[in-house]
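Subject: Structure for you to look over

Dear colleague,

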Amino acid sequence: MIVLTQLHLEPQTGAALTIAAGELLRIIDPLGEQVSDLVSFARDDTSEWLSSGRTIDYANTIYLTTGHTLYSNRSRAMWTIAEDTVGRHDFLLTPCSPDTFRILYGFAGNHPSCFENLAMSLAQFGIAPNAIPTTLNVFMNVEIAPSGELRIRAPRSRAGDYLLLRAEMDMIVGVTACSAELSNNGTFKPIDVELLSSEQPRDGGAIRASV
Ligand SMILES: [Zn+2]
């Protein structure tokens, strides 16, 4: 595979990028125990977005991993999970937001959040904050007790672990290094993102890097 673009997300930040059908996105946890929230929208119509509900319906599991398809709200395939070195991610919970910190944790002051970082990053593509759906919370470890109670545990990811997604349509993607204390075992770390072409590198010349 050929690396087309590399992004380094500093702790508690976000970014947005575009991806073409057939390209791949690798979300890397460089230090371990760090969550990354991800959303995506169809490039030609941003009212089509990555849907937690549709994806869980069709996968018939909340534990999504290698081989699963991630669907849009219009039931079209958006992503396929090509590789997953962790095997535990969350697609139930919304991105952390100022309201999350206020309602759940009683936090009154300003607090960085995935929701705000996604809203800022996606604004350049004309996507409004209200259009941001439930995020795929890469590396987030949510346990479900028999009672139904949710328990947020430390991510199972270790340094260098990654999730590799193949784009099934042209999309706009928002991605973060999560800002919530509880989701990241109490510390904030960076996230690395690679946009990859599935083509094999040719000999010599113009290719920046290959993996
Ligand atoms: Zn977050």
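Tyr63 has a relative accessibility of 32% and therefore counts as partly exposed, a class that lies between buried (under 20% relative accessible area) and exposed (over 50%), with a 1.4 Å probe and protein chains only. The model is predicted, so that local features need pLDDT of at least 70 and side-chain atom pairs count only at pLDDT 80 or more, while totals for chains, interfaces and linings use all residues. Residues are numbered from 1 along each chain as its sequence is written, and side-chain values use heavy atoms, with hydrogens and water left out.

Tyr63 belongs to the loop that runs between helix H1 (52-59) and strand S6 (69-71); helices (H or I, at least four residues) and strands (E, at least two) are DSSP runs numbered from the N terminus.

Tyr63 is also among the residues lining the largest cavity, together with Ile62, Arg88, His89, Asp90, Phe91, Leu92 and Val142. On a 1 Å grid over the protein atoms alone, a cavity is a set of points where a 1.4 Å probe fits but cannot get out, a pocket is an open set with protein on both sides within 12 Å along at least five of seven lines, and lining residues have an atom within 4 Å of a point. The largest cavity holds about 40 Å³ of space, and the count of cavities of 30 Å³ or more is one.

The largest pocket has a volume of about 230 Å³ and is lined by 16 residues, with Leu93, Thr94, Thr100, Met140 and Ile152 nearest its centre.

Best wishes

Definitions and conventions. Grid points are joined across faces, edges and corners, and a volume is the space filled by probe spheres set on the points.
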